[in-house]
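Please keep the sequence and the model in view while reading.

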Amino acid sequence: MHQTQFRREIALAAGRELVLDSEIVTPDRAGIPRFALMSRRLGVMRPSQTLLRTVRAQAYAFDLLSLDGHDLRDLPYLARREQLAQLELPRGPIRISPFYLDIPVSRLLEVAAEQLEGVVAKRIDASYHSGRTAAWLKLPLRRTTEVVVVGWLPTRGNPLFGSLLIAAHDADQQLILLGGVGSGFSSSARRALHRELLGLYTPTPPVVGVVPASLASTARWVSPRLVGEVAYRERTASSLRHPSWRGLRPDKEAHEAKLPLSD
């Protein structure tokens, strides 16, 4: 979560000075935040009018930390939210995030899974503290997909692979590289899988398209026979975001691993 300070006279809340806990998002045409769109704005100091128009940025305010020079962080969460709701923030680029008190968490997660990466559960009587706290629980929503192992990347000082290179088939049954996955392996699983990889060595990449230079210089390619399952947040143009290995799928054939839909 990014903490963003808005200190603009007149532009916000009739000239009052505010410190908001908020997050910048880039929604698609349906209003759903998309990290893939955010990547087009990151690092752009002087965006063009076309970029501003096609990749809109919005700030969602979650909490009010200070108002008119008064520190509100020791107040209970509900008291801070009540004052936040009373602010006359301009519609459009700045919005107040919704929150719910009377809906079961299971139902919230079910609805959020259709559009969001997760939800945050907060104690309504908790004061505000920076960093991780037991009063706030982030409940991420993860998707899963089957992938084909097409290679691996070594790790300096370690004989075992550092991460696997994974791919999946497009509509034309061509293998498309989906980047790497380096987390989710137990020590024993990593050793066993490494032994299998050594027996599948192939000198050329089994995927179509140009392999990024950062991978091509160090990658060890293997024949596309092993199928595994990974959990991830979303698929971007070139990879899976925050992938985590869940294990091999010996019940699946390589041709059954299909590209997940892009977000």
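What percentage of the contacts in the chain with a separation of 6 or more do residues 24 or more positions apart account for? Such residues account for 58% of these contacts, a contact being heavy atoms within 4.5 Å.

## Basis and confidence

This is a predicted model, in which local features need pLDDT of at least 70 and side-chain atom pairs count only at pLDDT 80 or more, while totals for chains, interfaces and linings use all residues. Residues are numbered from 1 along each chain as its sequence is written, and side-chain values use heavy atoms, with hydrogens and water left out.

The pLDDT, the predictor's confidence in each residue on a scale from 0 to 100, has a mean of 85 over the chain, and 91% of the residues reach 70 or more. Confidence is lowest in helix α1 (residues 35-41), with a mean of 74, and highest in strand β10 (residues 220-221), at 96. Residues 1-10 have a pLDDT below 50, and this stretch has 27 contacts in the model beyond near neighbours in sequence.

## Overall architecture

The chain contains 6 helices and 12 strands; these are DSSP runs numbered from the N terminus, with helices (H or I) of at least four residues and strands (E) of at least two. Along the principal axes, the C-alpha atoms fill a box of roughly 65 × 40 × 35 Å.

Of the 263 residues, 40% count as buried; buried means under 20% relative accessible area, exposed over 50%, and partly exposed in between (1.4 Å probe, protein chains only). The accessible surface comes to about 15,700 Å², and 52% of it belongs to carbon and sulfur atoms. Accessible areas come from the Shrake-Rupley method with a 1.4 Å probe, and for residues only the protein chains shown count as cover.

## Nonpolar cores

A nonpolar core is a set of buried Ala, Val, Leu, Ile, Met, Phe, Trp, Tyr and Cys residues joined through side-chain atoms within 4.5 Å. The largest one has 20 residues, of which L164, I166, L197 and W245 touch the most other members. At least two residues of this core come from each of β7, β8 (158-169), β9 (175-181), α5 (187-198) and β11 (227-232). Strand β8 supplies the largest share, 4 residues.

Another core, of 15 residues, lies apart from the largest one and includes L165, V211, A219 and V227.

## Salt bridges

The structure holds 9 salt bridges, each defined as a side-chain nitrogen of Lys or Arg within 4 Å of a carboxyl oxygen of Asp or Glu. One joins D125 and R123 (2.9 Å, N to O); D125 is partly exposed at 47% relative accessible area, and R123 is partly exposed at 48%.

E146 pairs with R249, their closest N and O atoms being 3.4 Å apart. This pair links distant parts of the chain, 103 residues apart: E146 lies in strand β7 (residues 143-155) and R249 in the segment after β12 (244-248). R249 also meets D251 in a salt bridge (2.8 Å, N to O), and D251 counts as exposed at 52% relative accessibility. E146, E229, R246, R249, D251 and K252 are linked in a network of salt bridges.
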